[in-house]
Amino acid sequence: MTSSRTIPLVSTALATAVFFCVVAGSALAHSPSGGGSHTGLDIPEISHGEMAVIADYRSGIIDLASRAVDTNEPFRRVLNYAEIQYSYCLWGRVPGSVTDEESPFNECAHAYLAAAKAVLLSMREMPQERAAANEIISAVDADMTRRGLALVTCRFSGEAFNTADVIKPHWGKVPLHPASMASLTGLAALFGLSFFWLRHFLRPKAQSSE
């Protein structure tokens, strides 16, 4: 008979296998950023130095944009892209996704932060959001100067984006990037342990043996 101690290990292994099967499927679905129909709206590039600062203000930018009143369809489409792209990049939670050029998540981080920057700059033209947007822009400029990031670039710094093309992480490169691999493996293990915990505590109590 199988020992009860093996159940957590089996559950964790199964969850990890399922997790990486999903990752593999996403890798097959990924298309290079240069492809796509490009029928959407163009989003200007963002430099590596800019994104390091914009990342600190992203939540404030998106919050302000979400409450904006005087909007138009292009603005809403870019805002929607910024939020969708952010979720595809695992909400920026993978270590090094913003700062490490070699991260499999760096290109998708460029995409959602470029969209956030475009949204911020658009709000300079909105009467009710102009003042708040300019405050954020001034703070970003000051941080860029203070941290000396204005001229910091990487291989994705010249890449423009389009709302028709969602940029997914380069899943196939995850095993070659220790920080990403450790983070995702830990997430898979946590998922497996959570599954076991729920199964153990929510299942009906077994009948007492005779």
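Not counting residues up to four places away in sequence, Ser 97 touches Gly 92, Ser 103, Phe 105, Asn 106 and Ala 109, where contact means heavy atoms within 4.5 Å. This is a predicted model, in which local features need pLDDT of at least 70, side-chain atom pairs count only at pLDDT 80 or more, and totals for chains, interfaces and linings use all residues. Residues are numbered from 1 along each chain as its sequence is written, and side-chain values use heavy atoms, with hydrogens and water left out.

Ser 97 lies in the loop between α3 and α4; helices (H or I, at least four residues) and strands (E, at least two) are DSSP runs, numbered from the N terminus. Ser 97 is buried, with a relative accessible area of 2%, and buried means under 20% relative accessible area, exposed over 50%, and partly exposed in between (1.4 Å probe, protein chains only).

A search of the whole structure finds one disulfide, that is, a pair of cysteine sulfur atoms within 2.5 Å. In this disulfide Cys 89 is joined to Cys 108, with an S to S distance of 2.3 Å. The pair, 19 residues apart, links distant parts of the chain, as the table sets out.

| Cysteine | Location |
|---|---|
| Cys 89 | loop between α3 (73-88) and α4 (106-122) |
| Cys 108 | helix α4 |

Both Cys 89 and Cys 108 are buried. The torsion about their S-S bond is about 60°, so the disulfide is right-handed.

Of the 17 residues of α4, 15 are buried, so this helix is largely enclosed by the rest of the structure.
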